[in-house]
Amino acid sequence: MSRGKNALQLDDTSKRLVELLQEDGRRSYAELGKAVGLSEAAARQRVQKLMDAGVMQIVAVTDPMSLGFHRVTMIGVKTTGDTRRVADTLAQLPAVSYLVLSAGSFDILAELVCEDDSDLIDLLNSEIRTIDGVASTETFVYLELRKQKYGWGTR
């Protein structure tokens, strides 16, 4: 993940590699190299460098609801004290798939992927609401995944 001030500066070749992999993460290194004017080995090294730097990950993206996780939610968390400490604790929970510090009504937004409502209520009451510094939560239940996109390119 980018940390703002320490963001890696990408040259045009690296940007193009990222964009090509956002379109199709299964492209071969030979295909990537040909598209950007590098050898297969050089393309592999570039991609590895981008992954090692945390610029990108290559993963399979799924719809959790189609895999038996029937309760996906976003929770807004209001905190007292240091939001980073609360966020670090939340990040350790296996059900948390996405977590950001935010401005506005909530200090933290966290996406939870649970098997069902019982799993969700247990997680909220037994784990999340017991974290020191959690003042309150609000749960936003996902009813249907309509769009999930990761191909926004690079700057």
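This is a predicted model: local features need pLDDT of at least 70, side-chain atom pairs count only at pLDDT 80 or more; totals for chains, interfaces and linings use all residues.

Biologist: Which residues of H1 are buried?

Modeller: Ser-14, Leu-17, Val-18, Leu-20 and Leu-21 are, each being under 20% relative accessible area. They cover an arc of only 165° around the axis, so they sit on the same side of H1. That buried set packs against helix H2 (29-36) and helix H3 (40-52).

Biologist: And what does the face turned away from the buried side of H1 carry?

Modeller: Asp-12 and Glu-23, both exposed.

Biologist: What makes Asp-11 a cap for the N-terminal end of H1?

Modeller: One of its side-chain oxygens lies 3.2 Å from the backbone nitrogen of Thr-13, and the cut-off for a polar contact is 3.5 Å.

Biologist: Zooming out, what pattern does the protein chain follow along the sequence?

Modeller: The order is α-α-α-β-α-β-β-α-β, from 5 helices and 4 strands.

Biologist: Why is the protein chain called more spread out than a compact globule?

Modeller: For 155 residues the globule rule gives 15 Å, and the radius of gyration is 19 Å, well over that, so the description holds. The C-alpha atoms fill a box of roughly 55 × 35 × 25 Å along the principal axes.

Biologist: How does the domain assignment divide the protein chain?

Modeller: It gives domain 1 (12-53) and domain 2 (64-141), with C-alpha centres 35 Å apart.

Definitions and conventions
Residues are numbered from 1 along each chain as its sequence is written. Side-chain values use heavy atoms; hydrogens and water are left out. Buried means under 20% relative accessible area, exposed over 50%, partly exposed in between (1.4 Å probe, protein chains only). Helices (H or I, at least four residues) and strands (E, at least two) are DSSP runs, numbered from the N terminus. The arc is that of the directions from the helix axis to the C-beta atoms. Contact means heavy atoms within 4.5 Å. A polar contact is a pair of N or O atoms within 3.5 Å; within protein, one must be able to donate a hydrogen and the other to accept it, and residues adjacent in sequence count only if both atoms are side-chain atoms. Domain bounds come from an automatic or database domain assignment. The radius of gyration is taken over C-alpha atoms; the globule rule is 2.2 Å times the number of residues to the power 0.38.
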